[in-house]
Amino acid sequence: MPELPEVETTRRGLEPHVVGTTLREVIVRRRDLREVIPESIAQAEGRRVLAIRRRSKYLIVDLNDGSSLLIHLGMSGSLRVIPPSEPWKKHDHVGLTLSSDLQVRFHDPRRFGIVLHLSGGDPLAHPLLGNLGPEPLEDDFTVETLVNACAKRSIPIKVAIMDAKTVVGVGNIYASEALFRAKILPDTPANAVSKSRLKRLTQAIRDVLSDSIAEGGTTLRDFLKSDGEPGYFRQKLFVYDRKDEPCRVCRTPIRHAVMGQRSTYWCPKCQK
DNA sequence: CAAGATTCCTGGTGGC
DNA sequence: TGCCACCAGGAATCTT
């Protein structure tokens with residue numbers, strides 16, 4: 001899916017259209033996503049949107065009755081703001097018609113996404129949001145975060161930083177990109193990476209995610225911003241999806257291998 | 001407990 | 001053009 005930059009891009013795109021409006025109608029065309037959309041989502045009708053927040057790759061829509069919507073885009077999901085008259089596409093599963101006469105439409109071909117209605121309490125306490133590591137762009141993500149996560153673990157460093165218990169939001173694209181920026185080979189055992197290199201990696205993760213957000217995220221196939229436009233960070237990827245292409249720094253062909261069941265890319269000269 | 005494999009679902013791509 | 005194997009941005013849940 002959408003990794004953290006794409007979810008944050010979506011949040012920023014939705015925020016000005018959604019906050020302060022009332023959900024006039026909730027339309028569910030298909031309930032069987034990764035989890036079944038609960039019937040109680042109908043109770044969101046008539047509620048006003050107080051805020052739209054992001055935690056990890058989840059979006060939380062706070063409503064004025066204390067309930068909230070919890071949305072995850074899975075691997076192929078997107079949320080767009082459109083006129084309600086726009087024809088429904090094959091994989092448009094949910095529509096939230098707003099009092100402003102616009103509609104937020106959830107589209108997800110692979111249906112790995114999630115749309116839940118939480119009737120009350122703290123959304124952050126929901127089981128899906130428990131056991132999550134720190135936000136990479138917040139102050140509680142520090143080199144100590146990675147030092148602790150990597151101690152006594154022999155898994156590749158790339159797999160370690162993709163573990164949401166280590167730090168959230170680092171998906172397959174940005175894991176490869178962050179390791180390139182930090183000049184670390186992705187298959188280095190996590191417990192063999194020195195603290196000074198983990199320090200570099202901490203900063204690299206922050207930088208690559210921030211840079212991508214500034215470009216509206218990365219569009220490979222499915223991802224679209226809430227205005228229907230793609231994100232442009234793909235043009236700034238150093239290694240991801242560039243197998244055999246010349247490294248943008250040293251011209252050495254980019255290498256590719258499967259690591260932790262996921263495609264991984266690196267420059268054998270720039271990364272040690 | 002750590003590590004690795006499997007699973008959910010659909011669509012795009014590339015080989016033949 | 002058609003068929004088919006394979007791959008895909010996530011993450012929970014198995015097995016080893």
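## Exercises on a predicted protein–DNA model

Arg251 is exposed, with a relative accessible area of 57% (exposed means over 50%, buried under 20% and partly exposed in between, with a 1.4 Å probe and protein chains only). The model is predicted: local features need pLDDT of at least 70, side-chain atom pairs count only at pLDDT 80 or more, and totals for chains, interfaces and linings use all residues. Residues are numbered from 1 along each chain as its sequence is written, chains are lettered from A and ligands numbered from 1 in the order in which they are written, and side-chain values use heavy atoms, with hydrogens and water left out.

**Exercise 1. Classify the ring pair of Tyr174 and Phe233 and that of Tyr240 and Tyr265.**

Solution. 
1. The structure holds three aromatic pairs (rings of Phe, Tyr and Trp, the last by its six-membered ring, pair if their centres lie within 6.5 Å; planes under 30 degrees apart count as stacked, over 60 as edge-to-face and the rest as tilted).
2. The ring centres of Tyr174 and Phe233 are 6.1 Å apart and their planes stand at 40 degrees, so this pair is tilted.
3. Tyr174 belongs to helix H4 (residues 172-181) and Phe233 to the loop between helix H5 (195-214) and strand S9 (255-259), so the pair ties together parts 59 residues apart in sequence.
4. Tyr174 is buried at a relative accessible area of 0%, and Phe233 is buried at 1%.
5. Tyr240 and Tyr265 form an edge-to-face pair, with 5.0 Å centre to centre and 65 degrees between the planes.
6. Tyr240 lies in the loop between H5 and S9 and Tyr265 in strand S10 (residues 262-266), so parts that are 25 residues apart in sequence are tied together.
7. Both Tyr240 and Tyr265 are buried.

**Exercise 2. Describe the protein surface near DNA strand B.**

Solution. 
1. The residues surrounding DNA strand B include Lys90, Pro109, Arg110, Phe112, Arg153 and Gln261 (a residue is near a strand if one of its heavy atoms lies within 4 Å of it).
2. Of the atoms of DNA strand B that come within 4 Å of the protein, sugar and phosphate account for 67%.
3. By class, this surface has three nonpolar, three polar and four charged residues (Ala, Val, Leu, Ile, Met, Phe, Trp, Tyr, Cys and Pro count as nonpolar, Asp, Glu, Lys and Arg as charged, and the others, Gly among them, as polar).
4. A polar side-chain atom of Gln261 lies 2.4 Å from a phosphate oxygen of DNA strand B.
5. For Lys90, an N or O atom of the side chain is 3.3 Å from a phosphate oxygen of DNA strand B.
6. Pro109 places a backbone N or O atom 3.4 Å from a sugar or linking oxygen of DNA strand B.

Conventions. Helix = DSSP H or I, 4+ residues; strand = E, 2+ residues; numbered from the N terminus. Polar contact = N/O pair within 3.5 Å; in protein donor to acceptor, adjacent residues only side chain to side chain.
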